Amino acid sequence: MLMAIMITGCSTNKSSSKSGNEEGAVSTEGGSLVIVRLADAENLDHHFMNTINAASVTHGKVYEGLVGRDENADIQPLLAESWNQIDNKTWEFKLRDDVKFHDGTPFNASAVKTNFDRLLDPNVNAPRAGVFKMVSEIKIINDYTVQFILSEPFAPLLSILASHEGGIISPKSIEKFGKNIINEPNGTGPFSFKSWTPGKEIVLVKNNQYFGKKAKVDEVIFKIVPEETTRTSMIETGEAHIAEPLSVTMMDTVAASSAMEVYRSEGFGTEYIGFNTEKKPFNDIRVRKAIAHAIEMDSIIKGVFNNVGKKANSLLGSQVFGYHAGLKAYEYNLNEAKRLLAEAGYPNGLKTILSTNDVKERISLAEVVQSQLKGIGVDVEIQVFEAGTFIEKRNRGESQMFINSWRNATGDADYNQYNLFHSSSKGPAGNVFFYSNEKVDQLVNAGRIEGDPEKRIQIYAEAQELEMQDAVYVPVRVIENVAAVSKKIEGFRISAAGYLEINDVRIK
């Protein structure tokens, strides 16, 4: 008995000495990572996906592209080992030969061609087809070499291929679903799809056959929990590990907790107040300018957002290639605002509707804007919608004035400018302003084909100036990615594009 007690005691002490931190917790592999989120994905098909919220579930986890981005947002090889720009219209990619889709289908040049042929098929009518419209042909050279033949030069091709639109889907899934949206994602990534209960949860499991660095957890559960206090309470009780998004009003509560901490990082995207330029009264530029002059943004950044996210001057974040640092937003000037309204035929003001989704700080922003616009006689009705409904109404052009954000997925100005402002992108593709300016279209097109980075910067600066002159939107702030994270979690981050990066997460 004495010998047994001595052996047991030695064994216990040895285990304790391995803990690696004062609380005795060790970082291990395995377990279920639970992420509680405000809203569900609208779909799980990268060819139809319009939000980073949805893409965060699958991008880099289930689906992967030919290239990806590292922690510094630099382009790196992924499903392609290397690439070469043969001329300004031909890009050649050498593919990995050791990759299989989750269903066992080999990844090869034929799979790449099948994906882009589907994406660009007009009969499929995929909303994300526009970002690759310059691709005229995917040419198979051999089983593991493929060429992208472009109809015109396209400078930011790699940045698009690294975003969720470039995710490669199993040819078997494409054959099964055809023109219909794929809601059973099947890719090559470190996680495979297990189940989706719409409105409740999405479950992914570790892909043990993954060709690269394998995930550290066995399972990821994305739970939909609309109420923010419930989301953060679930971390306190150990029911969840990550809660996002995290509102500004909850940051102090989370920071004071012994169970969780606040994660913050600057993103590529911005938040803004947009106008439907085809809908009265905002089809009149004078009304749009009047609203822009009547909003005092400094007090909003401080009072609504508690200085989380710096004041924006553009719809491009300051880290995005092509950002125009010298762009001037409209100054606060109530007299000029009233003059413009009177000139537009509204000397006694007007009534309008401001739409937003059900995010706390956006509702607070709407209330402050409502109060400020009373100063020029504008009576604002606020309408708050669940995220999915808000997106649908916005995309259909049913909003007059709305609070929105654009989380640039590529870090390149083209992704912002083409999707948000080009006349061919009206509606679900991103131009929810329903804005059209022939000169802006010409500049955006020119920026896509220009190979000289300095000239591209000049082109995008001119485009941003025109968009501001047309008062298409009121810039609010550069987005900060904010989440509540359990102190049991290591290795979590949110990319500048806004994707949740969980492949390296460990649970203590």
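Which side chain meets arginine 396 in a salt bridge? The partner is glutamate 398, at 2.7 Å from N to O; a salt bridge is a side-chain nitrogen of Lys or Arg within 4 Å of a carboxyl oxygen of Asp or Glu. Glutamate 398 is partly exposed at 37% relative accessibility, where buried means under 20% relative accessible area, exposed over 50%, and partly exposed in between (1.4 Å probe, protein chains only).

This is a predicted model, in which local features need pLDDT of at least 70, side-chain atom pairs count only at pLDDT 80 or more, and totals for chains, interfaces and linings use all residues. Residues are numbered from 1 along each chain as its sequence is written, and side-chain values use heavy atoms, with hydrogens and water left out.

A search of the whole structure gives 31 salt bridges. Among them are the following pairs.

| Pair | N to O distance | Relative accessible area |
|---|---|---|
| Arginine 96 and aspartate 98 | 2.9 Å | arginine 96: 22%; aspartate 98: 41% |
| Lysine 176 and glutamate 184 | 3.4 Å | lysine 176: 60%; glutamate 184: 39% |

Lysine 176 counts as exposed, whereas glutamate 184 is partly exposed. Salt bridges also link Asp284, Arg286, Glu336, Arg339 and Glu343 in a network.

Helix α3 covers residues 109-120; helices (H or I, at least four residues) and strands (E, at least two) are DSSP runs, numbered from the N terminus. Its 12 residues span 17 Å from first to last C-alpha, close to the expected 16 Å, which is 1.5 Å times one less than the number of residues. Buried residues of α3 include Val112, Phe116 and Leu119. Their cover includes β5 (90-95), β6 (135-142) and α5 (171-177).

Definitions and conventions: Contact = heavy atoms within 4.5 Å.
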